Amino acid sequence: MAGIRGRKTAALAAVVSGLLLGSGAYAGDSIKDARQIGKTAAEGKLYVDKLAVFNAKQIAMGELALQQSEDPMVLKFARQLVQDHRQSQAELKSWAETKAYELSSIDMSGTGGSGIQIGYDEEMKGKDGRKYEAIRDAQKDVNDLRKKDGKDFDKEFLSKVISDQEKGKELLGDGKDKYEKDAVFSSLLNKTSITLEGHIASGKRIKDVID
């Protein structure tokens, strides 16, 4: 049991080091330091969850527009929106499988009272529900949009996308500052941010035409 426990604790520490500490290794065996690593791991996973929910909502709205809109400009925009966010989601998942998503696959119950376990549990307590709350809110927006039709649908769709993309840029900006030591992740965030700028510009341009 001790061997399994040690391997799980070491695996979590390695994930966190790769995610947020760049090439720097976890040093020090104090409970205080270990708790901080656990807290950092939880914060990283929460951030990745936010990005995943954001991508999923944009895909859902884009697919809805492809079903309900009849405007050629809106349809073209929706196709691009879906394509770009599917790609972003795939890249995020690919990166997460090598780092952050390992946190979900680790059975934390076996780590006992280690500092990493404590720090992770303290940070995640009550916060995992934020992901499901975000999903619920996103679904509500999509369902509200579904009730529109014609030009009203097109305008509401574009307004929601523009608003979401602007919020998404802020979320990406937070990540670029915090996770700059992970070159691959930083590159992914920069690429997505540029994509969002294009969506915002295109969305506003189309909205001006159809208003």
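Tutor: His-199 lies in helix α8, which spans residues 183-210. The model is predicted, with local features requiring pLDDT of at least 70 and side-chain atom pairs counted only at pLDDT 80 or more, while totals for chains, interfaces and linings use all residues. Residues are numbered from 1 along each chain as its sequence is written, and side-chain values use heavy atoms, with hydrogens and water left out.

Student: How many helices and strands does the protein have?

Tutor: There are 8 helices and 0 strands, taken as DSSP runs (helices H or I of at least four residues, strands E of at least two) numbered from the N terminus. Along the sequence the pattern reads α-α-α-α-α-α-α-α.

Student: Why is His-199 called buried?

Tutor: Its relative accessible area is 4%, and buried means under 20% (exposed is over 50%, partly exposed in between, with a 1.4 Å probe and protein chains only). His-199 is therefore buried. Buried residues make up 43% of the 211 residues in the protein.

Student: Which residues does His-199 touch, not counting those up to four places away in sequence?

Tutor: His-199 touches Phe-77, Gln-80, Leu-81, Asp-84, His-85 and Gln-165, where contact means heavy atoms within 4.5 Å. In the protein, residues 24 or more positions apart account for 81% of the contacts with a separation of 6 or more.

Student: What makes α7 roughly antiparallel to α8?

Tutor: The axes of α7 (residues 150-178) and α8 come within 9 Å and cross at roughly 155 degrees. Angles over 145 degrees count as roughly antiparallel (under 35 roughly parallel, 65 to 115 roughly perpendicular, the rest oblique), so α7 is roughly antiparallel to α8. The contact of α7 with α8 has 8 nonpolar, 9 polar and 9 charged residues by class.

Student: What is the handedness of the crossing of α7 and α8?

Tutor: The crossing of α7 and α8 is left-handed, a term used if the near helix is turned anticlockwise from the far one by less than a right angle.

Student: How do the axes of α3 and α7 cross?

Tutor: The axes of α3 (residues 72-98) and α7 come within 11 Å and cross at roughly 35 degrees; this crossing is left-handed. On the α3 side, Val-74, Phe-77, Ala-78, Leu-81 and His-85 make the contact, and on the α7 side Asp-154, Phe-157, Leu-158, Val-161 and Gln-165.

Student: How many nonpolar, polar and charged residues does the contact of α3 with α7 have?

Tutor: By class, the contact of α3 with α7 has 7 nonpolar, 2 polar and 1 charged residues.

Key
Axes fitted to C-alpha atoms, helices over the stretch in contact; angles between N-to-C directions. Nonpolar A, V, L, I, M, F, W, Y, C, P; charged D, E, K, R; others polar.
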